[in-house]
Amino acid sequence: MSVPFDASLPLPPDDPDALLLEGLFQLAFSGDTDGWEFRKIDEEVHARLLAAYAA
């Protein structure tokens with residue numbers, strides 16, 4: 001199965017948001033959505049989205 005983006009491109013080392021999203025994407029892509037890692041990253045991404053787009 002091919003990856004829907006160019007995984008050969010390096011992630012910016014100083015972009016923690018990109019690293020979080022990449023981790024979440026990789027876990028979802030591999031189907032590992034029931035573990036503690038997925039929940040922890042999901043909670044962090046959700047909290048950051050709420051902070052960024054607070055109503």
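At 30% relative accessibility, F25 counts as partly exposed. That's a handy way into this predicted model, since F25 sits in helix α1 along with F29, 4 residues apart.

**The aromatic pair**
- Search the whole structure and you'll find 1 aromatic pair.
- That pair is F25 and F29, and their rings are stacked, with 5.7 Å from centre to centre and 25 degrees between the planes.
- The two are separated by about one helical turn, because they lie 4 residues apart in α1.
- Like F25, F29 counts as partly exposed, in this case at 34% relative accessibility.

**Helix α1 itself**
- α1 covers residues 16–30, and its 15 residues should span 21 Å at 1.5 Å a residue; the end C-alpha atoms are 21 Å apart, so the two agree.
- Tucked away in α1 are A18, L20, L24 and L27, which are buried.
- Just after the helix comes G31, with a positive phi of about 85 degrees.

**How α1 meets α2**
- The buried residues of α1 pack against α2, which runs over 36–52.
- The two helices pack at an angle of about 135 degrees, and their axes are 10 Å apart.
- On the α1 side, residues making the contact include P16, D17, L20, L24 and L27, while α2 brings in residues including F38, I41, V45 and R48.
- With angles over 145 degrees counting as roughly antiparallel and 65 to 115 as roughly perpendicular, α1 and α2 are therefore oblique to each other.
- As for handedness, α1 passes α2 in a left-handed crossing.

Note on methods:
Residues numbered from 1 in each chain as written. Predicted model: local features only at pLDDT ≥ 70, side-chain atom pairs only at ≥ 80, totals over all residues. Heavy atoms only, no water. Expected span 1.5 Å × (residues − 1). Buried < 20%, exposed > 50% of the residue type's maximum accessible area, 1.4 Å probe, protein only. Contact = heavy atoms within 4.5 Å. Phe/Tyr/Trp six-rings, centres within 6.5 Å; stacked < 30°, edge-to-face > 60°. Axes fitted to C-alpha atoms, helices over the stretch in contact; angles between N-to-C directions. Parallel < 35°, antiparallel > 145°, perpendicular 65-115°, else oblique. Left-handed = near helix turned anticlockwise from the far one by under 90°.
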